[in-house]
Amino acid sequence: MKIYDRVLDGLPGEKTLLLGNEAIARGFVEAAGGVAATYPGTPSSEVGDTLSEIAARGGFYFEISVNEKVALEVAYSAAISGIRSFAFMKHVGLNVAADALMSTAYSGVRAGMVVMTADDPSMFSSQNEQDNRHYAELSHLPMIEPSTPQEAKDYLIRAFEISEKLAMPVLFRTTTRVSHMRAPVVMGPKEDRLALMGTYPGHLAHVTLPSYSIKSRKALSMRISHAEVISQQTDLNRLEVYGDGEYGFITSGSAYNSLVDVIKSNSIGAEVLKVGMSNPIPENRIASFLMSHEYMFVVEELDPYLEQKVRVIAQREGIPALIHGKLDGTFPEEYEYSADVIEKALAAPLKLNIKPRTAPAVLQQIPPRPPALCPGCPHRATYYAVKRAVRMSGLNNVTYSSDIGCYSLGAYEPFEMADVLLEMGSSLGAGSGLGKLTDSRVVAFVGDSTFFHAGIPALINAVRTGSRMTLVVMDNSTTAMTGQQTNPGLAYDGMGNPSAQMSIEEIIRSTGVGSLETADPYDLKTFLPAVLRSLKSEGVSAVVARRECAILRDREIRKKGQMPVYVVDTKKCALCMNCVTNFSCPAIDIKGGQIAIDPDLCDGCGVCAEPMVCPFRAIVSGERNGI
Ligand code: SF4
Ligand code: SF4
């Protein structure tokens, strides 16, 4: 049985090895969720990948929305219509959705609504490591934090229940380790399915005009008071005792797992208050916990969110416990907490005799690998051509504004074509400003999904303000970086059903850009002149670089039993090194003083065979067993 089928069909009591994100999808199924909406973002993406596969058979609605704000609004619309709903996204996605989120606390909901944020300590796939627990405080919404896949599933169901008790959305926070940890999960029973078709909430039922919000604010305070009572009583906040329980620890999320590892491996006598509901925190329980320990350690990833609250409680109640955390320098402020990090921090105060943990031998043997675009990636050809076109154009003051996607790798050698990169859509927003306010010609790179997500308003801004910008839309016909999800440029939706397909060209044209070209970056001889013409155009110009993602293409040609490969004719090769130095496909290497193409890596795109890459025509189509 496939993992997706197990998520949907697993029987109560069955134990299945699940990724945290798959367990969350199972929690949604067990909670009889009716609507789920997302915009893909690592580390949350596998929740959507799983729900997408099982939605039709599971009888619920799933959508990949155009961005996180819309995903949250879609989920909200379901919840106010009486359908349990779930919006999920990566941590920075919640910034996009924050405008809507803030008002949902005032408006309230009629059925359970959970909003998941997947935070990314250590920034494995993100531009920052913001701690989204602050959003719970800011929005006045309760927050639940699981530590394991089992808890991720179980706590999601609890989050729906709490949401319905309080008639407000509940935030659900994971981190990369929780979302991407794989562990056995015991399946629970599925609740009866709620009606999928909601009922209209009624005139003015959920309006946040000031005159209504003034009244809602009081109701919100009452909901928060009720949430505090829940937090005091719930077993989501629990006490664990190890040995004589001498030292007190307060922790949450993924840091809990590493902490328990350290406590057990060093036989530390400890009592651990694990906070599973981190907004509002259980203040009375924390106060009595503080009173029973002379030494208290607050172990949490990212900001001293719990620690600050614990210190306030101690000060307010006059409790003399010695509190150690980030604020006194015991623990580091940055990055995720492995067991090593926690053990090192506790070594001095607890006089631990720690032995450095060594990475498994196999890990030590892996050579460092710089990030690189895949062999056959059309973005490589795009960067190569744009770089040459800029050189040929005679423009000597070009600023490259980049964006979030696989193509962000254009920032690295050999292309080095990213001077500015902030967040989704910033290539056009920052590009709009730079092209207006500096003497640079801006070249802005954006992917198809990112263009729809946040690029369109900034493009309008650039045209309206007369910015000097050439927009290159790198349309690889998928949302590649997060796992090949759909986007509005494709003719199918998040459940695989046919859907309306938006034309990138028509959207761009409607803004009134000076010129618009569409070309295939694999075909350098037509693509490069198109870029060159665009660079010479006044104001805002655009090139749509359209060629599907190499991974999608490989899948298709493998299905047909074909897998072309290119080889180097060493008799023709002049060792000019252009293919290695400037084009830099990972399949091309130097072996024994000769250029060689690794047939296991080559995906047969053929771009390196173009005279613009190999002027000596030494790269030719071959067969897997040689020329
Ligand atoms: S054909 Fe050339 S550029 Fe394309 S994947 Fe093979 S080696 Fe790389
Ligand atoms: S570009 Fe062509 S001639 Fe130059 S090193 Fe590569 S294979 Fe040889």
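This is a predicted model: local features need pLDDT of at least 70, side-chain atom pairs count only at pLDDT 80 or more; totals for chains, interfaces and linings use all residues.
Start by selecting helix α2, residues 20–30: 11 of its 11 residues are buried, so the helix is largely enclosed by the rest of the structure. Here a residue is buried if 20 or more other C-beta atoms lie within 10 Å of its own, exposed if 12 or fewer, and partly exposed in between, with C-beta atoms placed from the backbone. Helices (H or I, at least four residues) and strands (E, at least two) are DSSP runs, numbered from the N terminus. The buried set in α2 includes charged side chains to display, among them E22, R26 and E30.

Residues are numbered from 1 along each chain as its sequence is written, while chains are lettered from A and ligands numbered from 1 in the order in which they are written.

**Whole protein**

Zoom out. The protein contains 21 helices and 23 strands, and its C-alpha trace spans about 80 × 65 × 55 Å along the principal axes. Of the 627 residues, 52% count as buried.

Colour by domain next: domain 1 is 3–233, domain 2 is 237–347, domain 3 is 378–554 and domain 4 is 563–622, with bounds from an automatic or database domain assignment. The C-alpha centres of domain 2 and domain 4 are 56 Å apart.

**Domain 2**

Select α13, residues 339–347. Which of its residues are buried? They are I342, E343, A345 and L346. These cover an arc of only 165° around the axis, which puts them on the same side of α13; the arc is that of the directions from the helix axis to the C-beta atoms. Their cover includes α10 (253–265) and β13 (295–299).

Move to P280, in the loop between β12 (277–279) and α11 (283–291). The peptide bond from N279 to P280 is cis, with omega near -10°.

**The two ligands**

Select ligand 1. It is surrounded by 14 residues, the closest being P375, C585, C602, C605 and C608; a residue is near if its C-beta atom, placed from the backbone, lies within 6 Å. The shell has 10 nonpolar, three polar and one charged residue. Ala, Val, Leu, Ile, Met, Phe, Trp, Tyr, Cys and Pro count as nonpolar, Asp, Glu, Lys and Arg as charged, and the others, Gly among them, as polar.

Stay on P375, in the loop between α14 (361–365) and α15 (378–393). P375 is buried, with 21 other C-beta atoms within 10 Å. Its C-alpha atom is 6.3 Å from that of D603, 228 residues away along the chain.

Ligand 2 has 13 residues around it, of which C573, C576, C579, C614 and F616 come nearest. Its shell has 12 nonpolar, one polar and no charged residues.

**Backbone stops**

S584, in the loop between α21 (578–583) and β21 (588–591), has a positive phi of about 60° although it is not a glycine. Q484 also has a positive phi, about 65°, and is partly exposed, with 17 other C-beta atoms within 10 Å. Finish at P414, joined to E413 by a cis peptide bond with omega about 5°.

Terms used
Two residues are in contact if their C-beta atoms, placed from the backbone, lie within 7 Å.
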